[in-house]
Amino acid sequence: MTTHTAAPTREDCVARDAADPLHPLREHFDLPEGVLYLDGNSLGALPRRTPGHLAKVVAEEWGAGLIRSWNDAGWFHQPGRLGDRLGAHLLGAAAGQVVVCDSTSVNLFKVLGAALRLRPGRGALVAERHAFPTDLYIADGLTGLHPGARPVLVDSAAQLDAVLDADTAVVLLSHVDYRTGELLDMAAVTERIHRAGALAVWDLCHTAGALPIQLDAADVDFAVGCGYKYLNGGPGAPAFLYAAERHHAAARQPLTGWFGHARQFDFEPGYRPAEGITRFLTGTPPVLGLAALESSLDVWELADPAAVRAKSLELSDLFLELTADLDVEPVTPRQHERRGSQVALRHPEGHRIVQALIARGVIGDFRAPDLMRFGFTPLYLSRADVHDAATALREVLASGEWRQDRFARRGDVT
Ligand SMILES: *Cc1c(COP(=O)(O)O)cnc(C)c1O
């Protein structure tokens with residue numbers, strides 16, 4: 001006999017929200033009236049404290065402190081200080097292994113370059129064919145500068161064993177797939193890579209702030225990730241870079257700027273790398289961008305990461321359940337251990353449907369050719385929001401309103 005439990009009603013959702021210790025955290029975010037925001041996986045929401053914090057940094061540290069603030073306001077050590085906080089709260093990284101700096105693309109260039117040089121005599125940089133394109137572009141540009149190096153593409157991480165060999169220098173993987181939301185087993189895959197004598201580089205853009213991880217325990221070599229998605233650091237927020245301490249002494253990254261120099265203010269003509277993680281810095285840190293990310297970390301540190309993960313899975317389960325009978329194909333794995341914090345639904349007219357949802361104030365996004373993406377951010381989304389979003393999708397599909405011409409236009413950003 002099978003038991004059938006009816007899908008939760010909106011009232012059920014409201015009741016569960018009321019009992020959720022994370023629910024009050026949404027008051028820390030400034031979301032516009034009438035908007036249901038399911039795109040925190042592309043650009044996180046604005047923490048309420050950020051504008052005030054930025055105004056203070058601008059007026060007091062920049063305006064009044066001027067150049068003195070590099071020392072007096074702690075600007076100089078901000079990349080490492082924020083890196084340590086992020087590492088401790090969300091990445092499972094002991095202090096001194098994470099810096100916040102540059103963009104994910106630039107940081108990827110640095111760690112992949114360091115990794116290739118740590119494996120002299122090996123030329124293959126293995127990556128996934130359907131990785132986020134910037135990862136492939138960077139791998140391409142970098143290997144072009146390394147004699148003997150070349151990208152080797154696999155269809156998925158499941159194929160790794162077929163290509164890992166004595167020529168594999170480094171493997172670059174996304175922990176959570178930006179299209180499907182599929183999550184890999186970081187520790188197990190890293191171990192397979194290590195067994196081949198290669199180094200593991202993880203892209204954590206859809207991981208950091210989406211689910212807690214343990215980089216040290218998983219024996220990861222290098223990692224990079226985004227500050228403006230789940231971390232809510234604001235548009236163009238600086239990214240982060242993790243390098244395991246065991247590699248620090250030998251690692252040489254290719255963007256050898258003065259902030260990574262051993263004696264920066266000696267102004268020596270020759271480059272000598274700084275000790276530790278500092279050698280992964282390049283140029284002057286974006287102080288205002290770091291300040292915005294810092295005020296977002298203040299909010300993050302109010303939340304228990306395990307509770308965030310549990311709620312994220314509950315929200316994405318709920319959305320999958322409430323949309324199960326619609327004419328869309330879920331491509332996100334059902335199993336919790338294989339799912340990040342987004343749900344992707346396939347529909348040939350996905351772009352128009354997302355535009356029709358946005359017109360109703362339900363903001364998701366679209367990835368060509370046919371994926372509608374919905375991100376679940378437990379700090380500011382409730383079960384009632386998810387219920388309302390699923391209802392909106394149901395109505396948009398049932399009414400056919402997405403067929404209107406106005407939803408056919410594509411912006412520069414989808
Ligand atoms: C968002 C994203 C990036 C973005 O890189 P930027 O340098 O910040 O533009 C890279 N990789 C993945 C997997 C992403 O999702």
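The structure is a predicted model, in which local features require pLDDT of at least 70 and side-chain atom pairs count only at pLDDT 80 or more, while totals for chains, interfaces and linings use all residues. Residues are numbered from 1 along each chain as its sequence is written, and side-chain values use heavy atoms, with hydrogens and water left out.

The protein is assigned domain 1 (10–30 + 304–408) and domain 2 (52–300), with bounds that come from an automatic or database domain assignment. Taken over C-alpha atoms, the centres of domain 1 and domain 2 lie 29 Å apart. Contact between the domains (heavy atoms within 4.5 Å) involves 25 residues of domain 1 and 18 residues of domain 2. The size of an interface is often given as the accessible area lost when the parts come together. For domain 1 and domain 2, the buried area is about 1700 Å², with carbon and sulfur atoms giving 63%; this area is the accessible area (1.4 Å probe) that two parts lose on being put together, summed over both.

A search of the whole structure returned one cavity of 30 Å³ or more. A cavity is here a set of points, on a 1 Å grid over the protein atoms alone, where a 1.4 Å probe fits but cannot get out, and lining residues have an atom within 4 Å of a point. Grid points are joined across faces, edges and corners, and the volume is the space filled by probe spheres set on the points. The volume of the largest cavity is about 40 Å³. Its lining consists of Gly 209, Tyr 230, Asn 232, Trp 300, Thr 377, Pro 378, Leu 379 and Tyr 380, and domain 1 and domain 2 each supply at least three residues to this lining. Five lining residues are nonpolar (Ala, Val, Leu, Ile, Met, Phe, Trp, Tyr, Cys and Pro), three are polar (the others, Gly among them) and none is charged (Asp, Glu, Lys and Arg).

Tyr 380 of the cavity lining is also touched by Asp 385, as are Arg 26 and Leu 36, residues up to four places away in sequence not being counted. Asp 385 is located in helix H13 (residues 383–399); helices (H or I, at least four residues) and strands (E, at least two) are DSSP runs, numbered from the N terminus. Asp 385 counts as buried because its relative accessibility is 10%, buried meaning under 20% relative accessible area (1.4 Å probe, protein chains only).

Val 343, in strand E10 (residues 342–346), likewise counts as buried, at 0% relative accessibility.

Notes: On a 1 Å grid over the protein atoms alone, a cavity is a set of points where a 1.4 Å probe fits but cannot get out, and a pocket is an open set with protein on both sides within 12 Å along at least five of seven lines; lining residues have an atom within 4 Å of a point. Buried means under 20% relative accessible area, exposed over 50%, partly exposed in between (1.4 Å probe, protein chains only).
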